[in-house]
Amino acid sequence: MPPRPTPFLPKLIAVACGLLGGATAPAAAQVPKLTKLLYGVAYYDEYMPYDRLDKDVAMMKATGINVVRIAESTWSTVEPQEGVFDFSHIDRVLNAMHQGGIQVIIGTPTYAVPTWLVRKYPGVLAITPSGPNQYGARQNMDISNPDFRQHAERVIRAMLAHVKDHPAIIGYQVDNETKAYNTAGPAVQKLFVQYMQKKYPSLDALNLAFGLDYWSNRINNWDDFPSTVGTINASLGSEFSKFQRQLVTDYLAWQAGLVREYKRPGQFITQNFDLEWRGYSYGIQPDVDQMAAARALDVAGIDIYHPSQDQLTGTEIAFGGDVARSLKAGQNYFVIETEAQGFPQWVPYPGQLRQQAFSHLASGANMLEYWHWHSIHNSAETYWKGLLSHDFEPNPTYDEAGTIGRDFQRLSPQLVNLKKTNQVAILFSNEALTGFKWFSFGWGAKENYNDVLRPLYDALYRQNVGCDFVDPSSPNLAQYKLLLVPALYAAPTPLLERLNQFVRNGGHVVYTFKSGFSDENVKVRATRQPGIIAEACGVTYSQFTLPVGVALKGDPYQVGTAHNQVMTWMELLTPTTAQVLASYDHPVWGKYAAITQNHYGKGLATYIGCGTSAAVTEKIVADAVQKAGLWGPDQQAYFPLITRSGVNQQQKKVHYYFNYSAAPRTLPYPYGPGQELLTSTAVAKNQPLQLAPWGVQIVVEK
């Protein structure tokens, strides 16, 4: 019999309600000391149409694969009926991998529930604003449901008790791309009310803070607290979104706590966070507070999928990596999933798989795993192809993967544990993201927070300026010289005062429109905008509008007519102490500023009051980088020539150079003498580097 689950229900309800202040504080993270790069795949023996485990292990070894991830989607296989366990397929994979010298990451099997669980306990399926979920899809459950939690704990404990001593296991993944899955049924609403009672003991205070007198939404008795599903109040709706994110944080900390009871010293706990999805990984994940959730993990993990072929730019690889590295204050991270072949439109051109692999390392990844080893022969992901195609035979992508594996093995001492130090950061906020979603650019607008954030990131990336990500909880803003702050729509007063202080002390900030507008409860500040940050920005406004046929007067950034247009939003700025960098070209709005810059204390604040093209955004960002004293040799290159750098464990500077184009390119190497690692050739300062189409070179300074 497996170990009995610990009593959990009262604690679960308390945690979900915030009555214990969130999940139990996680144990101190145990950062694994890696001596080699991990290169691997997800492997699903239970999906195979016939037994070929030994052949797969042999093909993996030939490719240089040294780690596999297994078991995260196996609940119905390991527990075919309630309380009946069968770990035979896990045992055979663990044994085969160990015999082949391949290490294993075990995933807890909780992100897809078995049929018997739903039949016996139908309440495990989430009730969303669209109605009750149906069985079939993964991630359709309510992660706060007591029956789900009880049975999830039992299967986790049973599995870990069974496998914990196996020598092949190097770490554990808790759940899979976890979110709250929009669970919003009556039980969750009850938990939310208890959470609100703790946060706002006084209903009068709640009504005032959230503006609930509007349309008779006032709550005069806790028993009358309505479901948030139908709310028209952005404060209440945003608070419920925050509560849902807290459910995720608590759930992952809960699972990590279970795993810590079984894992051995030296083993790690990770989770594969993902990003906002637009057919590929795009922006900040709106449904998870990843900074908070990562605290329970030893290593941050990330899933990064991106366009390929002629659309491969490396931007999503860099973005996801910079986010993941920032979740643990610069610690190296794992790429737990990325594509090998993937969708039909993602099958890589020759050379692209190699370029992608080293692109991940250049951001600080210590592991690269493909999803997945073998293409699946039925069900929803049949045409999301793995490293092998449906015939399981070698193919050009598999062959290229072998070159990566051999290079990873050979170059691990120089490339593992790369440390990156940046002086530029993007400040993102889940609260601002949620608040912005409620209003965007007016009724019917489709743009969201990431449509403001990503252009700033892309401008840095294309100009080879490295950056980190910070959020309002980050204590280390002073370590940066430049902060980019997109659409900080909802923010508490202390955060805005911290940003003013950052500028006063000599920092540089670039704000976009819709920053500082409302407080942390998405309640608009009753003052001239942009409110508190007007002190540092030296500008105010009281009106805004949507641009129709508006440009920047005089093409101040010299980008040409097509790129000089104002888009999506325009605030009618009046400088107090700020210098006007651009004003509107319009017969009525022409007297107002569009973009300003203000000296404040020892620092500088730039305010972008309108939507700008990518070309203008790049010029604004370049100006800020230069004035922060951060423009250097790397900025002599420009996309599609991308350079990323860091310091290796021998304390030597490593420079990666990428050519994200189908034509050969040349750029001068601007640093001290070094060695190109892939070819083992010497490189002199100012020597031209010849980059092949979709090519990569790696130079380590002597």
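## The largest pocket

The lining of the largest pocket divides into 16 nonpolar, 12 polar and 12 charged residues. Here Ala, Val, Leu, Ile, Met, Phe, Trp, Tyr, Cys and Pro count as nonpolar, Asp, Glu, Lys and Arg as charged, and the others, Gly among them, as polar. The pocket has a volume of about 1100 Å³. Of its 40 lining residues, Tyr111, Ala137, Arg138, Gln139 and Glu381 are the closest to its centre. Two or more lining residues come from each of α3 (75–78) and β8 (276–277), and α3 gives the largest share, 3 residues. Helices (H or I, at least four residues) and strands (E, at least two) are DSSP runs, numbered from the N terminus.

Pockets and cavities are found on a 1 Å grid over the protein atoms alone: a cavity is a set of points where a 1.4 Å probe fits but cannot get out, and a pocket is an open set with protein on both sides within 12 Å along at least five of seven lines; lining residues have an atom within 4 Å of a point. Grid points are joined across faces, edges and corners, and a volume is the space filled by probe spheres set on the points.

## Basis of the model

This is a predicted model, in which local features need pLDDT of at least 70 and side-chain atom pairs count only at pLDDT 80 or more, while totals for chains, interfaces and linings use all residues. Residues are numbered from 1 along each chain as its sequence is written, and side-chain values use heavy atoms, with hydrogens and water left out.

## Cavities

There are 3 cavities of 30 Å³ or more. The largest cavity holds about 60 Å³ of space. Its lining consists of Ser235, Ser238, Glu239, Lys242, Glu431, Glu520, Asn521 and Val522. By class these are 1 nonpolar, 3 polar and 4 charged. Helix α9 (residues 234–260) supplies the largest share, 4 residues.

## Helices α15 and α18

Pro455, Leu456, Ala459, Leu460 and Arg462 in α15 meet Thr617, Glu618, Val621 and Val625 in α18, where contact means heavy atoms within 4.5 Å. The residues of this contact are 6 nonpolar, 1 polar and 2 charged.

## Confidence

The average pLDDT of the chain is 95, and 96% of the residues score at least 70; pLDDT is the predictor's confidence in each residue, from 0 to 100. Over residues 1–25 the pLDDT is below 50, and this stretch has 47 contacts in the model beyond near neighbours in sequence. Where pLDDT is low, the predicted coordinates should not be read in detail.
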